[in-house]
Amino acid sequence: MIVKKLKIVALMFLVLSMLVACSAHSTNSDSNNKKRGASNNRELVIATTKDINDMNPHLYAGSMPAQGMVYESLVENTKDGIKPLLAESWEISKDGKVYTFHLRKGVKFHDGEPFNAEAVKKNIDAVQNNAEKHAWIKLSTKIVSCNVIDEYTVELVLSEPYYPTLLELSLTRPYVFMSPKDFTNGGTKDGVKGYHGTGPYVLTEHKVDQYATFEANPNYWGGSPKMKKITFKVLPAGETTFLALQKGEVNFVFTDDRGVDSIDIEAMNQLVDSGNYQLVKSEPMNTKMIVANSSKVDSPVSETAVREAIWYAIDRKTISKDILNGTETVANTLFSSNVPYADVDLKKRGYDLEKAKEILEKAGWTLEKGAEVRTKDGKKLAVKLYYDSNSPSQKAEAEFIQSSLKEIGVKLEIIGEESTSIANRRTTGDYDLLFNQTWGLAYDPQSTIAGFTSESAYLHTTSGIAEADELYKKIKEVTGSTDEETRKSLYADILTIVHDEAVFIPITNGRITIVAPKNVKGISFKQTQFELPFEQMDVE
Amino acid sequence: MGSYMMKRILVSIPLLLIISFLTFVFMNLSPQDPAEVVLHAQGVPKITDELMTQTKAELGLDKPFIVRYFDWLVACLQLDFGNSYVTGQPVWSLIGPAFLNTLKLTVVSSVVIIILSILLGVVCALREGTIIDQSVRGFSFFLATMPPYWLASLMIWYFAVKLDLLPTNGMDSYKSYILPVAVIAINYAGIYFRVVRSSVLNHLNEDYVLYARACGVPERKITMHILRNSLQVAVSIFCMAIPIILGSTVVIENVFAWPGLGSLSVRSILSRDFPIIQAYVLILAAAFVLFNTLSDIINAAMNPKLRKGL
């Protein structure tokens, strides 16, 4: 009896698996593929894992891609430098402390309110009123006042010259503008009543945790965008998103602001193979790296030789090819050479285990007969590496590096933790090595380098090196310098110091990937990596 | 009966208090400073000491643990669960709509599960040992053991993508209910119809059935009697099933992007939005206590013998 039942169950299982196998095979040749994915009605439906959230651009909870569509800044950061946006032109005073902006005329907020000097002042004052939340952006500590000169002229007065002023004004937040009518209690820090910017898209509907719809702004000063409707649909990453893309219920995905893709590379390739989708990759946007704590005296990583040896022992090619499936490229320096001021000639340290062993040997870390771990004065060469437990790729990289280091006689203990607790370790200095990434194109090098001196960022990473004082002096100088050539040479010095000291061990360069309907053209990227210029897209 | 109900309800109050306290304790066991969690949750790029102090004062986190618990408890009794760490909106405004959506899914699923279980259970019991009984049991066993997320993906792929009949996700029309309800029903009806079946089988062999048959009572009438008696067991099990389904929709909601409590709780856990997690645990606990009490009361109403126990 039991045998008979088992037979029936086994048979049913077989039939079902065959059914699945057969039909899986026939997906690609589906006849009603035509309507899937392709968008003829100038409408994109984007799958995102998070709701757009509070769109207040003077706080940090909202989705940056969505905020980038609705709000605009005074100036824009492009590949060719700073370009006008809401400000048509500007002048910088000789002492570098006063910036005068001439605003674009005839621009209106989505609620019909005029965009003028008064609105600029109100917005900047609202940001400055909540200064603590904006401590990361150095400009917020330099602004003394924002004054209205006439209806379309404002001046920004700084306490001291600060060269990245225009760069920081171009970021997606916080220095962007919303209708003063949306303010509560005359400000924005306690929440706002609406989300009216001046940007190419208007937020027309938002159902929390379901979707948000943006429609082309018919009165946009740059001309109404051709892509008429953009919907952000909240979908869990993985299978659900992939199935919805296959069916065409959503037709667009891109790398989110944590560098995570909603679907894996295999799924992306499958969609492209179906003939309905295209895959677009950006230039390198940031650098994924391992940060070494040079200031932890009792740790072997406080020695330059140990850090260099680790650098040599990482096989970046294999990581890029096998662990990351070619989505990211090998990085040999902290910033890739397309980052401003980062095209500096630095000593290349490739994958070379023999060289790594030699360096350790020279530094006195010797391997006794039969031992697996090197020692020096009786101390073992053992270090800890922390990785984000939510990132499968970081875990795989950590395991891979662990095995490489074992070969050169370094014992690497790998520990997975929540990103917040890793951030906490970075602040308190309680680590040997940890995974991190640079801030991204619009923020590199100035924001990442400013982080070298900030306790919550890389102070512990940089403070243990011999030339630390010199490094900090140069960092202070560089943001205040008004001369381009001086800046170039200062940045070159800064990058050379941290490179020679090997405190930031680069691994790969991250990119943004987009999966979009095949007939969408004009897909490009902004310098600010988290937003896409949808207004430039169109269908064929 | 009235006093029994009163007693039963009074017993559940300390239970809820204990649960609420434990939830609060566990939340506070997290090694991280709550103020830091809040700021990380709000996406603040750089956290300074002043900002931490300011946030602590704003959220009342500088008060001692017990004081915070009582503040929270009193507020909860007035249905004020605080504000979300991430968005700053009242928790109730987020959990309320999500709870309704989950409830809709749960109610529809429960109705389908109950109808299916009773139907299959009774049919299988009355046809015990036949090919119908065996194949229903075999097939349901097979389906019920499939992991729900896998079954869900398979069904979405087949019915939504391949056949293009239903939406893959969301909650847009009645069509959106079909797949998630089917997955939940397959998983639970597969278990619960066995309960009905064995209960009916037990009663089939009772003396009163034999007696009724001997007296020539029509078979249909006998079946009705058996049903009434055997459903008593089923009622309490179904009552317990509803909160279980309510809690276990997490997986289903995530696969189908259903905007309910499950999706909300997972997101809140990932972003450490403690006020929402606390409210979620409390609501689920309350649902368990409520339905447990309800099942006891219904059983007591159907069977007076049980009322003396308490």
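**Figure 1. Where chain A meets chain B.** In this predicted model, 37 residues of chain A are in contact with 39 residues of chain B; two residues are in contact if their C-beta atoms, placed from the backbone, lie within 7 Å. Three helices of chain A, α1 (2-25), α5 (239-247) and α11 (419-428), each supply at least two residues of the side that touches chain B. Of that side, α1(A) gives the most, with seven residues. Sorted by class, the side of chain A that touches chain B holds 17 nonpolar, twelve polar and eight charged residues. Here Ala, Val, Leu, Ile, Met, Phe, Trp, Tyr, Cys and Pro count as nonpolar, Asp, Glu, Lys and Arg as charged, and the others, Gly among them, as polar.

A quick note on reading these views: residues are numbered from 1 along each chain as its sequence is written, and chains are lettered from A and ligands numbered from 1 in the order in which they are written. As this is a predicted model, local features need pLDDT of at least 70 and side-chain atom pairs count only at pLDDT 80 or more, while totals for chains, interfaces and linings use all residues.

**Figure 2. The four-stranded open sheet of chain A.** The order of the strands is β4-β5-β7-β6 (chain A), and the pairing is antiparallel. Helices (H or I, at least four residues) and strands (E, at least two) are DSSP runs, numbered from the N terminus, and two strands pair if DSSP finds at least two bridges between them. β4 (87-92) and β6 (143-150) of chain A stand at the edges with a single partner strand each, so one side of each is left without a neighbour in the sheet. On average, neighbouring strands of this sheet are turned by 20 degrees against each other, direction ignored. Six bridges pair β6(A) with β7 (residues 153-158) of chain A in the antiparallel sense, and within this pair S145(A) has V157(A) as its bridge partner in β7(A). Helix α3 (residues 117-128) of chain A lies across β5 (98-103), β6 and β7 of chain A, and runs at about 170 degrees to β6(A). For such angles, axes are lines fitted to C-alpha atoms, for helices over the stretch in contact, and the values run from 0 to 180 degrees between N-to-C directions.

Figure 3. Look for Y277(A), which stands opposite P517(A) in β23(A).

**Figure 4. Two hairpins of chain A.** β2 (residues 75-78) and β3 (residues 81-84) of chain A run antiparallel and are joined by four bridges. Two residues lie between these strands in the hairpin, and V75(A) has P84(A) as its bridge partner in β3(A).

**Figure 5. Helix α15 of chain A and its surroundings.** The 18 residues of α15 (residues 484-501) of chain A reach 26 Å from first C-alpha to last, close to the 26 Å expected at 1.5 Å a residue; the expected span is 1.5 Å times one less than the number of residues. Among its buried residues are L490(A), Y491(A), I494(A) and H499(A). A residue is buried if 20 or more other C-beta atoms, placed from the backbone, lie within 10 Å of its own. The buried residues of α15(A) pack against elements of chain A including α7 (304-312), α14 (468-480) and β22 (504-510). Just after α15(A), A502(A) takes a positive phi of about 55 degrees.

**Figure 6. Helix α12 of chain B.** Chain B has twelve helices and zero strands. Its helix α12 (residues 274-302) has 29 residues and reaches 42 Å from first C-alpha to last, close to the 42 Å expected. Buried residues of α12(B) include F274(B), Y280(B), F288(B) and D296(B), and the buried residues pack against helices of chain B, among them α1 (2-29), α5 (91-126) and α10 (219-256).

Terms used:
Buried ≥ 20, exposed ≤ 12 C-beta atoms within 10 Å, placed from the backbone.
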